[in-house]
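Please open the model in your viewer and keep the selection tool at hand. At each stop of this tour you will be told what to select, and then what is there.

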Amino acid sequence: MVTYDRLWETMKTKGISQYRLIKYYGFSAGQIGCLKKNAYVSTHTIDVLCTILNCRVEDIMEFRLDTSLNPKLGVDPAVATHPPQISIDKK
């Protein structure tokens with residue numbers, strides 16, 4: 001799961017408000033809403049945020065492993081957290 005908790009801390013440190021993102025940098029309220037909900041945003045949006053805030057991607061977003069993955073994703077959490085060992089027989 002990707003979270004944008006770090007974005008809000010970085011914005012505060014850099015003195016950039018949500019209002020400023022909308023008013024001066026062309027962000028939509030919908031984009032801000034997606035970020036608040038930790039929903040999907042494009043890599044272009046992340047690029048623009050890093051440029052505006054003059055920061056690294058790690059200052060905006062963080063990946064946290066979600067062990068309760070939705071079965072609809074087709075991912076077995078056991079495999080995601082402990083990938084199977086594959087041995088290759090050499091002949």
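A search of the whole structure finds 5 salt bridges, a salt bridge being a side-chain nitrogen of Lys or Arg within 4 Å of a carboxyl oxygen of Asp or Glu. The model is a predicted one, in which local features need pLDDT of at least 70 and side-chain atom pairs count only at pLDDT 80 or more, while totals for chains, interfaces and linings use all residues. Residues are numbered from 1 along each chain as its sequence is written, and side-chain values use heavy atoms, with hydrogens and water left out.

Select Asp5 and Arg64, whose side chains meet in a salt bridge with 3.2 Å from N to O. Asp5 lies in helix H1 and Arg64 in the loop between S2 and helix H5 (77-81), so the pair ties together parts that are 59 residues apart in sequence. Helices (H or I, at least four residues) and strands (E, at least two) are DSSP runs, numbered from the N terminus.

Next select Arg6 and Glu62, which form a salt bridge whose closest N and O atoms are 3.6 Å apart. Because Arg6 lies in helix H1 and Glu62 in strand S2, this pair ties together parts that are 56 residues apart in sequence.

Now move to Arg56 and Asp59, whose side chains also meet in a salt bridge, at 3.3 Å from N to O. Salt bridges that share partners join Asp5, Arg6, Glu62 and Arg64 into one network.

Then select helix H1, residues 5-14, and ask which of its residues are buried. They are Leu7, Thr10 and Met11, where buried means under 20% relative accessible area, exposed over 50%, and partly exposed in between (1.4 Å probe, protein chains only). Seen down the axis of H1, these buried residues fall within an arc of 100 degrees, so they line one face of the helix; the arc is that of the directions from the helix axis to the C-beta atoms. The face turned away from the buried side of H1 carries the exposed residues Glu9, Lys12 and Thr13.

For the last stop, turn to the backbone angle phi. Most residues other than glycine have a negative phi. Select Asn38, in the loop between helix H3 (29-36) and helix H4 (43-53), where phi is near 55 degrees, a positive value in a residue other than glycine. Asn54, in the loop between H4 and strand S2 (62-63), has a positive phi of about 50 degrees although it is not a glycine. Asn38 is partly exposed at 23% relative accessible area, whereas Asn54 is exposed at 65%.
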